[in-house]
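Here is a brief report on one protein model. It covers a pocket, the nonpolar cores and some strand pairing.

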Amino acid sequence: MHKKKLLAPLAALALVSTVLAVTQSAYAADTLLSQGRPALASSTENGESPAIAAVDGRSETRWGSQWSDPQWLRVDLGVTATITQVKLEWEAAYAKAFQIQTSPDGNAWTTIYSTTTATGGKQTLAVNGSGRYVRMYGTQRGTGYGYSLYEFQVYGTSSSTPPPTDGPGYVYANPPVTGVVPSTATPPAQNPPVTHREFQANCSVSRTNLGDDPIVFPNLPGASHSHTFMGNRTTNAMTTLASLQAGGTSCITPGDKTGYWMPTLFNGTTAVQPDGPQVIYYKSGVIDYTSVRPFPPGLRYVVGSPNSTLDEFRNHPGAVEGFECGDLTRQWDIPANCVAGSQLNVRFQAPSCWDGIHLDTPDHKSHMAYPIVGVCPADHPVAVPMIEFKMAWPVSGNLANVRFASGRGYSFHYDVYNAWDPAVLAALTRHCINGGLQCNPRGFDQYKPERGAALNERYELP
């Protein structure tokens with residue numbers, strides 16, 4: 001009897017241990033699904049509070065909305081997932097009434113949590129739902145300000161597999177850049193103050209109306225929509241780094257043999273080319289501009305997408321001010337009319353954080369990322385120059401028939417295939433970007449002439 005009495009507690013203990021093990025195992029299977037995923041919001045308070053800041057894993061950055069109801073923040077998990085927990089870390093401006101909602105497509109939403117008595121702070125919500133998209137939908141603010149979230153974390157299980165890092169379409173840097181930690185430093189103040197961290201690469205059209213794209217469709221002549229090429233004069237479907245390095249250039253700086261291209265603009269059936277040198281900025285996209293490194297030879301990527309919707313183009317992290325002409329600004333499609341004699345302009349910025357490993361990936365984007373509130377993400381830690389296209393086309397008046405070869409205005413995108421002379425690019429990066437100057441193609445800042453230039457009057461290294 002005595003032994004039997006001892007066995008019962010042991011059996012019970014074993015049962016409890018089994019239950020705990022199952023519970024802990026189930027909990028351990030629930031992973032953070034939202035961090036670093038694409039995010040979108042109904043509005044933003046200013047340029048320093050983007051949607052992506054709420055899913056970056058950094059408690060010092062935040063998403064902030066306009067001061068009105070309702071507002072929402074949405075994260076795209078990439079695939080349908082089972083959602084078991086949502087954590088919210090509010091700034092002082094919180095939601096008193098809000099819902100957590102899921103959706104398979106970003107259109108039809110199902111509420112899996114609702115409250116009208118929230119008090120802000122840190123909230124951990126046990127939920128039960130599924131969807132690819134998860135959003136916080138705020139209906140009543142807790143203060144007179146907007147909604148402000150430091151972090152929006154979605155936990156659950158997903159059938160997705162980690163993306164591959166090797167195989168067809170992956171091109172490796174040799175050598176890779178490893179051991180880099182994204183800089184969160186703020187460079188010390190200078191006198192006179194630093195207002196820009198950039199230099200220009202002024203390049204004219206070099207090839208026109210060519211249906212080639214050596215990044216997306218290598219070795220397949222005519223497989224792409226029509227492109228307008230700038231910079232290297234040899235760019236075609238068969239282009240390689242070696243062929244670019246051996247080619248000539250339409251850029252003012254002879255050392256810039258990079259291939260730049262974008263969809264051709266049409267007015268009806270007539271192709272319209274930018275007239276004269278176009279401005280291609282090389283800037284710092286991060287706060288610590290002293291941490292920016294030159295591109296490695298052969299780095300290539302696509303900026304934007306020909307398949308963008310208007311909302312995606314408007315909310316793209318590379319969007320600057322959309323299309324402009326005359327007195328019109330911030331147009332997210334080509335305007336129907338522009339003042340006679342004006343030009344159609346667009347500005348669009350490229351990602352400036354590199355994974356340090358790949359010169360290209362199968363989607364021609366995954367090896368690059370945009371900074372989040374001025375800091376590169378941990379999986380893309382290497383800060384490189386941020387390219388900004390500033391293009392101008394000589395079209396005005398009635399633009400009803402003006403479009404890109406890729407479609408509507410919001411399909412605008414461009415490609416970059418780096419073939420700079422490494423020493424020239426390093427000199428301009430060091431002098432202008434790291435030095436906090438506003439340089440012309442020579443690397444000369446007219447507002448700080450005492451700092452000199454990186455290149456001589458022939459735009460070559462002295």
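## Pocket, cores and strands

The second largest pocket holds about 190 Å³ of space. The model behind this value is predicted. Lining this pocket are 14 residues. Nearest its centre lie Pro214, Ile215, Pro218, Arg300 and Asp360. By class, the lining of the second largest pocket splits into seven nonpolar, five polar and two charged residues.

Now the cores. In soluble globular proteins, nonpolar side chains tend to be buried together. Here the largest nonpolar core counts 61 residues. Tyr260, Tyr282, Ile387, Phe389, Trp393, Phe412 and Tyr414 have the most contacts inside it. Helix H4 (residues 422-433) supplies the largest share of this core, five residues.

What does Trp393 touch, leaving aside its neighbours within four places in sequence? Its contacts are Met262, Leu265, Val272, Gln273, Pro274, Gln343, Leu344, Val346, Phe404 and Phe412.

Strand E4 (residues 71-90) pairs antiparallel with strand E2 (residues 39-41), with strand E7 (residues 122-141) and with strand E8 (residues 148-158). The table gives the bridge counts and one residue pair for each pairing.

| Strands | Bridges | Facing pair |
|---|---|---|
| E2 and E4 | three bridges | Leu40 and Arg74 |
| E4 and E7 | 14 bridges | Lys87 and Thr124 |
| E4 and E8 | nine bridges | Val86 and Val154 |

Definitions and conventions:
Residues are numbered from 1 along each chain as its sequence is written. This is a predicted model: local features need pLDDT of at least 70, side-chain atom pairs count only at pLDDT 80 or more; totals for chains, interfaces and linings use all residues. Side-chain values use heavy atoms; hydrogens and water are left out. On a 1 Å grid over the protein atoms alone, a cavity is a set of points where a 1.4 Å probe fits but cannot get out, and a pocket is an open set with protein on both sides within 12 Å along at least five of seven lines; lining residues have an atom within 4 Å of a point. Grid points are joined across faces, edges and corners, and a volume is the space filled by probe spheres set on the points. Ala, Val, Leu, Ile, Met, Phe, Trp, Tyr, Cys and Pro count as nonpolar, Asp, Glu, Lys and Arg as charged, and the others, Gly among them, as polar. A nonpolar core is a set of buried Ala, Val, Leu, Ile, Met, Phe, Trp, Tyr and Cys residues joined through side-chain atoms within 4.5 Å. Buried means under 20% relative accessible area, exposed over 50%, partly exposed in between (1.4 Å probe, protein chains only). Helices (H or I, at least four residues) and strands (E, at least two) are DSSP runs, numbered from the N terminus. Contact means heavy atoms within 4.5 Å. Two strands pair if DSSP finds at least two bridges between them.
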